[in-house]
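Let's take a walk through this protein together. Have a look at the model first, and then we'll go through it piece by piece.

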Amino acid sequence: MVKVMIFLKILNNEKVVESDYTVKKSKFITYISKIKSKEELDIFLKNNRDKSATHNCYAYRYGDEKLTYGYNNDGEPNGTAGEPLLKLIEVNNLTNLIIFVKRYYRGIKLGTGGLQKAYSASAIKMIKEINFKKLEFLYNIEICFNISDIKSINLFLKNIWNEINYKFVNETVYANFKLKELEELDSIKNKIKITKKEQGYY
């Protein structure tokens, strides 16, 4: 069976990015944050909704092969808030994130077109400036080996992946990391044992 590849991008770090924009006395504060599940979405909304804001609008998408997405206009007219934010996520091939905008209304109506522009303005600028990375279809690998080989194996692994997590149990070392092809381990296969091997998008 041929693997169908997907082309999606995710935020490169866990930092919440924030920007504000004011038009006709209405203030819009935009947040872009990484989320990877319904639980993380709910936690973000609980922590960031502001009861003093006139509207708390957002759009989100998470997943890889199976995408979950949605939006909330929080009382704004249809097509003016959550929908444009979701469209931004889609046209930029983004996943595992939420765009959240708080509006503080100060008495001057913006109209449908004005609202669409106001809700999207900061997010458009932020997406251009934020560092994203492409999701890759990788192996999530765990290997074990004798502690006497740690120096040579650590040096080898650092050349194929930049993030390696080690666990020590007596004389045995466990290393967890990602890689594209199992054949990359061929030169050390006599020194290691693969204890976990999973494929997925990371």
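Two residues are in contact here when they have heavy atoms within 4.5 Å of each other. Keep that in mind as we go, and remember that this is a predicted model.

Leaving aside neighbours within four places in sequence, threonine 30 is in contact with Val17, Glu18, Ser19, Ile99, Phe100, Val101, Ser122, Ala123 and Met126. Is threonine 30 buried or exposed? Buried means under 20% relative accessible area, and threonine 30 has 1%, so it counts as buried.

Now step back to the whole chain. It is divided into domain 1, residues 11-130, and domain 2, residues 134-201. Taken over C-alpha atoms, the centres of domain 1 and domain 2 are 39 Å apart.

Next, the interior. In soluble globular proteins, nonpolar side chains tend to be buried together. The largest nonpolar core here has 23 residues, and those touching the most other members are Ile32, Leu97, Ile99, Tyr119, Ile127 and Phe132. Two or more residues each come from strand S3 (26-34), strand S4 (55-63), helix H2 (82-91), strand S6 (97-104) and helix H3 (111-129). Which element gives the largest share of this core? That would be H3, with six residues. There is also a second, separate core of 15 residues, including Ile143, Phe145, Ile164 and Val173.

Even so, H3 bends by about 35 degrees at serine 120. The buried residues of H3 are Leu115, Ala118, Tyr119, Ser120, Ser122, Ala123, Met126 and Ile127. An α-helix has 3.6 residues a turn, so residues three or four places apart point the same way. What do the buried residues of H3 pack against? Their partners are strand S2 (17-23), S3, S4, H2, S6 and strand S7 (132-134). Take tyrosine 119: beyond its neighbours within four places in sequence, it is in contact with Phe28, His55, Cys57, Glu76, Thr80, Ala81, Leu85, Val101 and Arg103.

Cys57 brings us to the cysteines. Cysteine 57 has 0% relative accessibility, so it counts as buried. Cysteine 144 is buried too, with a relative accessible area of 12%. How many disulfides are there? The count comes to zero.

Definitions and conventions. Residues numbered from 1 in each chain as written. Predicted model: local features only at pLDDT ≥ 70, side-chain atom pairs only at ≥ 80, totals over all residues. Heavy atoms only, no water. Domains from an automatic or database assignment. Disulfide = S-S within 2.5 Å. Buried < 20%, exposed > 50% of the residue type's maximum accessible area, 1.4 Å probe, protein only. Core = buried A, V, L, I, M, F, W, Y, C linked by side-chain atoms within 4.5 Å. Helix = DSSP H or I, 4+ residues; strand = E, 2+ residues; numbered from the N terminus. Bend = angle between axes of the 7 residues up to and from the residue.
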